[in-house]
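I opened my notebook to look up a few pairings and contacts. Here are my entries, in the order I made them.

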Amino acid sequence: MAQTTDRAAEPFPVARIVLAALAVLASAYAAFLLYAMAEPMYGAMALALSVLTALVYFWRGASAWRFVFPGLAGILLFVLFPVVYTIWIGFTNYSSFNLLSYDRAVQVLMSNRTVNKDSELGFVVAREGDRYRLWFKDAGLVSSPLALDGSETAATLEPGAPPAEVLEARDAIKFRNALQALELTRPDGSVIRNSGLRTFAEVILEYERIDADTLRRVSDGEVLTADHSTGFFVTSAGEQVPPGWRVMIGWDNFTRVFTTPGISEPMVSIFVWTMVFATLSVLGTFALGLLLAVILQWPHLRGKAVYRILLILPYAVPSFISILVFRGLFNQNFGEINLILESLFGLRPEWFTDAGLARTMILIVNLWLGYPYMMLLAMGFLQGVPEDHKKAAALEGAGPLRVFFTITLPQILPPFLPLLIASFAFNFNNIVLVLLMTRGGPDIPGTAIPAGATDIMGSFTYRVAFMDTGTQFGLAGAITFLIFLVVGAIAYVNFVAMRRAANRSLAR
Amino acid sequence: MIVESPRRLRLQKIAAHGFLIIFLALILFPFAMVLSISFREGNFTIGELIPSDPTLEHWYLAFGLDYTRADGTVVSPPYPVLLWMWNSVKIGLGAALGVLVLSTVSAYAFSRIRFRGKAPLLDSLLILQMFPTTLTLVALFAIFDSLGSVSPVIGIDSHMSLVLVYMSGIMLHIWTLKGYFDNVDSALDKAAAIDGASPWQTFRFIFLPLAVPMMAVIFVLVFIGAVNEYATASVLIRSESQMTLAVGSRLYLNEFKYLWGDFAAAAILSGLPITVVFLIAQKYLVSGLSDGAVKG
């Protein structure tokens, strides 16, 4: 009996087993590679993925999870993990100076080589049939025949006679990559490597490793010690030797944010502007969308379908295109908006250099972008308001405005609320608008890190991390953590509002 | 409202149409300008709404063709717009397909399969959905920078990485589909179970066919969302040949190389298909948007 139900529950066990086995093997192999690449954290995650996949798809007790596992794994890896990882980065010194892991930083230092200039030997490439030899005239040495296709890593040199056919320098250049991979052993056993377009030379490693945390610089015998609190090797004089590596630095980034006036002051102003921007955007688009929806619902209005299509056009056009179009139209010098304003009123507003005007411009563009969504939603909700309620109020002598504010609005506001909160959250992080329109500018004067008048929290973080000099990922992570606190609060409020809306619709 | 004088009604009608027409003139002004600019000569010149001396130069360049001006000089396209479009389409299709597969299967499980921790899991997903990817760009950059050392296919500058990120934004769609599946009469799957169907068969032969209209909505939404996405793509894609339209278009209006006319033609060319798709599908898209957010 158990056998038959088992078979019924599993029409294509082969497909499941093959697919799952492939996934398990692939992630296990990735785990192996990641460990080998000195990325133990990702290695562990890949291993966990492999084990979990095996568990979910081969163990019958977990069969209920088979349907949700792929989606859940994706969310965990690329949504939840980045959130946690961002917070973690906030506690590190991760930046362009401290980019690598410790092992990788040591690897980079250990592969640094210096050329011994005194040992440089000029060479030419000589053709011999379909193979080549390197001819060192001054030393009278010639290499064994080579294909120079990049596959060779070593060759020997012997005393020999000058070759017959020597390639021109510009023809020899195409072998550059192949030459750089070569190690040539001279008859005395010493090794020379490619050191320039026309030279080979003795190349020595710059550092040798003494023990896990100390290196010796070969040229002057200086001993470098790894400082795991700053993420740099330091000389005895205290000089830091790049590249550095990532280390935990505790609350340093947060201390920096809160105690450096050049950071904390612009951040307060950015935070205030972010709230103002999000609030005004939601209220503005809601009011305008609702107004248009009410007009479009008016039974006596003709041509509704045409109006509707034209009115939602701003929503249908990809936003990155419309934002860039506005960027061009608002251009101070040759934008069409200033052109019209100048011919009509003699005005030439400085949309991109005046803080107040730049903020106004951002709000105008966001209103243009956002009202159709609100209008479409409002049209849907307005249909749900019973006509007889409005008629009854009108019979009692209420004017159209009074009817709207006492009957219609209170009925559509509760279901609208979660969407308004979601819209607030969206605009709170609407960095695409800011990045494409103004890149945060105009810059607030006198700040320690670039911060602009139209920057919102998200775009400010983006600039700290990716745009301005010294990609400061650690600092960006710390600021993002602060944003998370706000977003978390909004998310919770929205969650409660959605629950209420859901309960209400169930009770109905 | 109940009894209105015909004269007052006529005035109201004129007022309503007047307001809508003036409003539309303001709203549609940018579109008219862009269309006009795309046919104007040069990238700076200021001209009339209907160009007196229309030229197809910008359109030639947008389509990736060289343009020979009247004086014999040849202009080459500044950027590979069609390649960027193709990149965007590839990424959009990949993300949309991935989201469909993951969200239908997950939504079915959340709607019909009993397992422990389902309710708290759903609630957590709902809250997690509020944390946008744009806030975790630093981490995403670090992750793909490291993964790239295993294989460039999942590293920086790879379309696969972008698809993976976009594919993970499935919470809202799971929620929408779950609401849809919840409304399916449970007699249907009970009947299927009596006939000996497995959960997979019930999903494959009963729920999946029912969800096709909803899936179409989600497909279009995800596709448009992926094509329009700027922030993540701008961080993960670096080389010009790998760029999506959203990232590449920014290059046109650089402070040092301002190609207003070329941009206008490229913008219309690339924006038109998505706009048309959206307008055709808008009725369904909007209900998909609001249902997903409200249904509990």
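I looked at a hairpin: strand 9 and strand 10 (residues 199–201) of chain A form one, with four residues between them. Strands here are DSSP runs of E with at least two residues, and helices are runs of H or I with at least four, numbered from the N terminus. The model is predicted, so I noted that local features need pLDDT of at least 70, side-chain atom pairs count only at pLDDT 80 or more, and totals for chains, interfaces and linings use all residues. Residues are numbered from 1 along each chain as its sequence is written, with chains lettered from A and ligands numbered from 1 in the order written.

Strands 9 and 10 of chain A pair antiparallel over two bridges (pairing takes at least two DSSP bridges). I found Asn194(A) bridged to Phe200(A) in strand 10 of chain A.

Next, I checked strand 8 (residues 183–185) of chain A. Three bridges join strand 8 to strand 9 (residues 191–194) of chain A, and the two run antiparallel. Thr185(A) has Val191(A) as its bridge partner. This hairpin has five residues between its strands, and Gly189(A) in the turn has a positive phi of about 95°.

Then I turned to the two chains. I read that 80 residues of chain B are in contact with 91 residues of chain A (C-beta atoms, placed from the backbone, within 7 Å). Helix 13 (residues 260–294) of chain B gives the most to chain B's side, with 14 residues.

Note on methods
Two residues are in contact if their C-beta atoms, placed from the backbone, lie within 7 Å.
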